[in-house]
Amino acid sequence: MTATTDRPGAGRPSTDDPRVTLDQELGVFEPVPPYPPRTEREAEFYTLRDGEMLLNMGPQHPSTHGVLRVVLKIDGEKVVDLDPVLGYLHRGVEKLCENADYHQAICYLDPLEYVSSLFCEWPGVMAFEKLLDVRVPRRAEYIRVLSAELNRVASHALFLGWMALDLGGLTPILWSFIERDEIVDMLASLTGQRMLFNYFRIGGVNGDLNHDFMSRLGDWMSHATEQIESGNTLLNENEIFVRRMRGLGTIDSTTALRMAFSGPNLRATGVPFDVRRAHPYSIYPELDFDIPTRSEGDCFARYLLRMDEIKQSLRIIDQCLHQMPDGPIMAKLPRLLRPRPGRAYAGIEGPRGQYAAYVISDGTDQPFRMRIHDPSFIHLQAVGLMMPGHLIADTMAVMASLDPIMGGVDK
Amino acid sequence: MTVISRGWDRLTLPGKVLFLLIPLLIVATVALVAVIALLGQPILDTLAANLPIVRFVLAVTIVLLMTIPTAFLIIYMEMKIIALMNLRIGPDRVGPYGSLLSVVHGLKVLMKEDFTPTGVDPIVFTWAPVVVYLASVMALLVVPFSNGIVGQAFNLGLLYFFAISGLSVVGLLMAGWSSYNKYSLLGGLRSAAQVVSYEIPLTLSVVGLILLAGTMNIDTIVRNQAGWFTDWYVFQQPLGVLIFFIAATAEANRTPFDLTEADSEIVAGFATEYSGMRFGFFFFAEYVNVFIISALLVTLFFGGWNAPFPWPWPVELTIDPGSWGIGLLLLIGLGPVVLTLLFATPFWLASSRIKTWQALIVGFVLANLFIVTLIGAWAYVGLDWVAGILWFMVKTYGFVFTFVWMRGTLPRVRIDQLMDFAWKWLLPASLLNLFITAAALVVVKGLR
Amino acid sequence: MSLIPGLGLAKGMALTLRRFFEPKVTIMYPEVRIDVPPKFRGRLQLLYDEWGTIKCETCFQCAQACPIECIDMGGIDTRGRYHVHWGAAETYGERREESALRRSGRPVPDPAFRPFQAVDLGELDRILEEHDHDPADMLQILDETQAAYGYLPVAALKQISHVTGTWYAMIYGTASYYAHLRFEPAASTEQARAVDDHRPPEATYLAALDAALGGNDRPGTPARA
């Protein structure tokens, strides 16, 4: 049998080739990278001791649904080490923003975190406003806070469902989707879309509050608290749920701060850091709300903290509705935006932590450089610290409790 | 010739089929009659001489066939009940209220490619679903559905049941090991650990009951519980029922103990690499298992096919249609017509907006319902095995509902918690139950 | 967690059982279709005027404004983007290419920016001086410019725009409206005369109106035989 080597890929073994033995062919399934280890960590990770094996969780795993791959090093059921592999959802948002003008860039920020789109727009828009030195009208700021807090409730509601689903509960995900659907429908009547709102504009918002939105909001506010409470009773006191979550994925405040945690995950370790209070922006200094903290730093604390945050968000929404001023919703702006050369940074408190944008302008109508900071990326790195010693079943629980959104991780 | 061909061409497709089929049927009938006439007596004699064997084969066939609609029904229940608990509507397109969707699922798995991945052990891979399914079906063989309606009643029925239902773990382990997939392996090993651990409290929880009943014959256990519902063993063995319920849930791999196929952890467990009808066998076996554990709970602790109360008015229904003579013909011929008209009349009279044909349709439906109810009531009162099946099914599907309800509510436990629970809580509790029962029996006997 | 083990589980079970009987929230989609919100932006929609003619002029401004370049027009090679208009390729092909080129970020050749031929502007200055740089006399200025140069050179139009303060586009629009004004040198005298002889009806009408009104303080079009 003469080998024909002129066709591409001839050197690679193929299943049709009778010379390929079964062992060679099956070796491909190990999740080991095809190149020699590039770092010490990689070399250590892919060296298996006695009784250990590598388990490839994702990207076709039902819990990672195509966007994340986690290589687990397991000893029986116990996770020894773990390595998240990113990049399945990378779209190059930062680069895309640099090729669009300032108005167009906003719509690229939306799909970063597709469950809380408004929080991704906000830092970008704020940074652009700082570059252009625009003063946002007060009514626009109130509308921003109102819609963003609604979005925070929607995001936390979905977190609850996902977490329960990763623990095997079938029902909470659908109940929380009902909750989210009401909010999202409401926001759709305000913004026009259900998922990627694209609502904030430089110098204001796109469209004033309308009757449809206000009536839906009124309906929802009248039953929101008890609806959320009643849904929570399914999990809050459930022995199976509590026993699985308590003491799982613990992280102390020092490590969390060193890992640059923010948002509920940091506050669950006892650090009362909230961008809305620490570096006040928009109209948050005028609003009265608490920053719930918990000291345990485990999955259950993170879960309960988010449930507490929903209540605070409802308070903020209530205050926004009562204090809503009259006035314009957009600042006066030229049609073509050419900010002076300069740099601007803006950070906000989102449902997962600190979202931020850092923009450099070179005087043209497009950002010269745009850097987007996303908390999910940081929180996902900490899974490697939390997991060792726990079981395979806990991997997804810990990840769900950190609530990373892969769109934000991969950008 | 042309006449024949033209006549043939004029027939529609069903007509052509019937035209060919009817002569064939006539010939077949004649042949069958001839065979029976010539060889009937010897065949009957042979069958009668080996009646236990014939009965056994028949029972196995019926049980095997029964599992399929049972699985369909439970799959439909699961889809619909969990949907309703989720505030969804669930299946509602195929059949009335979507009740045929599970049948469609069954057809779907039949039509799918039966894929054998690279690297599997083909023989073990192929036979694993069969082992799992047959273990379920064979366990069903000793469940008494009603008075005398039982696949095979024998003295060690309970022991046989535990022995056979423990076999399914072999199939799961085969599937997990042969699949050449780490998830499958994890699932198989998990199921082995789980089923072996829970087998012990499951069996021990029943030992108290065996002491009470004094037998392992399931039929006798059921007969012991006849009378009022206070005679059921659940009131004498409350702890035993609880342990049995929990352990049986784990044994059937149901939520909250469905670690073997935990989709958010190990993709589909041992069934990850299966597709088509092989997956269907696993799927069916799971739901047949649900039915079996519900049936066994009912049989052992909840009175089996006994009604919760004795029928208060003993009636002697001796209907002998043969003695009615011409009246029987009249009843069959005229009864439905008269009933239809009778039921249609009030509707026809009630409103002039109801047209005659509408009233007649309503009357026909009501008359049918009436007749069916009448026959059912007669069967319930007159044939005690019909009443038995009714009560047995009502109780069993009540427990099936409970299992589905649990699936709709509870999250999954972790493997170490599962093991802790089995060995540190259920096993001591079942031993305690056994001890208390034995002590109570001794005391009661001593007092007598 | 409660003191009694299993109470939390029982509460959850009770909750699901209660929800089992509650009204359901499913929207039966193909039968029931909920309205999209009035602000819904997810659908490209072509508007029609009152005669039923499509209003889209294939100007490609929407395609250029779209940040993710999902809009395209035409029946050929749309690369899976939205078709918003179907028509003869010659009506939009050029603009489509230009739009695509502009989106690609490369420099776009624009015929309006072609270097125009310089002409001697002395004659034009005299004409403009005569009319006191008044844009109200634009038609006369243009007429006289054409008489002086034989056609309307771009350099002259730019100069008129610069001096009178009128937008170049307005001057161009005025000039292109009248058929007797031309932007290229006439190919032959016959043709030029033939074009000259074609009197625009509006100009005739205005001259007649002026004559009828008597007060010819705003000199109309030069009278011709």
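Select strands β6, β7 and β8 of chain A, which form an open sheet in the order β6-β7-β8 with antiparallel pairing. Strands here are DSSP runs of E of at least two residues, helices are runs of H or I of at least four, and both are numbered from the N terminus; two strands pair if DSSP finds at least two bridges between them. The edge strands, each pairing on one side only, are β6 (342-349) and β8 (367-373) of chain A. Neighbouring strands of this sheet are turned by 10° against each other on average, direction ignored.

This is a predicted model, in which local features need pLDDT of at least 70 and side-chain atom pairs count only at pLDDT 80 or more, while totals for chains, interfaces and linings use all residues. Residues are numbered from 1 along each chain as its sequence is written, and chains are lettered from A and ligands numbered from 1 in the order in which they are written.

Next, select β7 (residues 354-361) of chain A, which pairs with β6(A) over 8 bridges in the antiparallel sense. Within this pair, A:G342 stands opposite A:S361 in β7(A).

Contact requires C-beta atoms, placed from the backbone, within 7 Å.

Finally, display the whole of chain A, with its 17 helices and 8 strands. Its C-alpha atoms fill a box of roughly 85 × 55 × 40 Å, taken along the principal axes. Among contacts in chain A with a separation of 6 or more, 68% join residues 24 or more positions apart.

Conventions:
Contact = placed C-beta atoms within 7 Å. Axes fitted to C-alpha atoms, helices over the stretch in contact; angles between N-to-C directions.
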